[in-house]
Amino acid sequence: MSDQHSLHSFETLAIHAGNTADPLTGAVVPPIYQVSTYKQDGVGGLRGGYEYSRSANPTRTALEENLAALEGGRRGLAFASGLAAEDCLLRTLLEPGDHVVIPNDAYGGTFRLFAKVVSRWGVEWSVANTSDPAAVRAAVTPKTKVIWVETPSNPLLGITDIEAVAEIARGAGARLVVDNTFASPYLQQPISLGADIVVHSLTKYMGGHSDVVGGALIAADAAVGEELAYHQNAMGAVAGPFDAWLVLRGIKTLPVRMDRHSENATQVAEMLTRHPKVTQVLYPGLPEHPGHEIAAKQMKHFGGMVSFRVQGGEEAAVEVCNRAKLFTLGESLGGVESLIEHPGRMTHASVAGSALEVPADLVRVSVGIEAADDLLADLQQALG
């Protein structure tokens, strides 16, 4: 992140970081450099460091500079998906025999990557309740190289004290990785709280319009960033220029969208707490949430994700999802439109039978930016 960017507020950075006016035409939006290769001025004479778009592309560079500025990191990298970013991160930081502490509540795809892919080449992992620093400390071994955290977590909206876990990681000689997808850098900046690397699914709040798939890594240390960049180029799962452009466009409105997501989600959570067919509401903005005080300390607002449990078990939860009309039944999250899903049968089917298995009566909603009254009415009719 440049010194110039560090002088500006988040809202200004979201619009301007990486978005330099085109020097040829003055266009205020970075061009989509839909190109694979670049003319060289003699052998090894690269213009601006570009030779082949797997290694670097100007549109992707603009996005990566923006990401680093927003997260307060030294290096940002954009990938073809969130899981591509995670795969690159793990293969960069870990060797056979290393150990990772993973949370007891996490995205099903992340768990699948550890349980079915990374473990096959000799990386060990164990599960801890990352909302409890003592549990994290107890899970650390002499071989631990990474502590992995989601906060808020997916789908149970657990909150981890990033500063406390960062201290544990430093003491163990491990790196703290924080998946910041649910919060976005507008609501929470893990690097400022001690995290070493931040992970994003750019598909979600950063893109914000359900029209792009992407992922990102932001490193607090420049040397780690260079190591990640080397592996990104070697492995090749980079964001394409049009995808990078779409995410850049989405980020410009991130602050205003996240404010509205958070406002609407608060109203949804409060309504659900009063509904007779809802047995539990999971939202860090509620005072009764066990992580409320930590979330209030490390987040600007509480985000747009709400989960709740219903009377009648799994079939009742599925019926709520099926009866919703304005809330679209679908996987993913973070778009301007509201979504509803049954995690046990959809996004988290891969964790069935594991320590990360989610309650069968759980419903997860991604609260969009529609009129709050319309959203409340739809959930009320879906609940019956």
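Visitor: Which residue in β3 is the bridge partner of I102?

Guide: V127 is the bridge partner of I102. This is a predicted model: local features need pLDDT of at least 70, side-chain atom pairs count only at pLDDT 80 or more, and totals for chains, interfaces and linings use all residues. Residues are numbered from 1 along each chain as its sequence is written, and side-chain values use heavy atoms, leaving out hydrogens and water.

Visitor: In which sense do β2 and β3 pair?

Guide: Strands of a sheet pair through backbone hydrogen bonds, either parallel or antiparallel. Here β2 (99-103) runs parallel to β3, over five bridges. (Pairing takes at least two DSSP bridges; strands are DSSP E runs of at least two residues, helices H or I runs of at least four, numbered from the N terminus.)

Visitor: What is the strand order of the sheet?

Guide: The order is β1-β7-β6-β5-β4-β2-β3. The sheet is open, has seven strands and mixes its pairing. β1 (75-79) and β3 (124-128) are the edges; each has a single partner strand, so one side of each lacks a neighbour in the sheet. From one strand to the next, the twist averages 20 degrees.

Visitor: Is α3 mostly covered or uncovered?

Guide: Covered: 13 of the 14 residues of α3 are buried (under 20% relative accessible area, 1.4 Å probe, protein chains only). Just after α3, G72 has a positive phi of about 70 degrees.

Visitor: Which residues touch the most other members of the largest nonpolar core?

Guide: L63, L67, M206 and I251, in a core of 39 residues. (A core is buried Ala, Val, Leu, Ile, Met, Phe, Trp, Tyr and Cys joined through side-chain atoms within 4.5 Å.) Elements giving two or more residues to this core include α2 (10-16), α3 (58-71) and α10 (241-251). Another core, of 30 residues, lies apart, with F111 and L228 among them.

Visitor: What do the buried residues of α10 pack against?

Guide: They pack against α2, α3 and α11 (contact: heavy atoms within 4.5 Å). Among these buried residues are V247, G250 and I251. M206 touches V247, G250 and I251, among others.

Methods. Buried < 20%, exposed > 50% of the residue type's maximum accessible area, 1.4 Å probe, protein only. Axes fitted to C-alpha atoms, helices over the stretch in contact; angles between N-to-C directions. Lists of a residue's contacts leave out its neighbours within four places in sequence.
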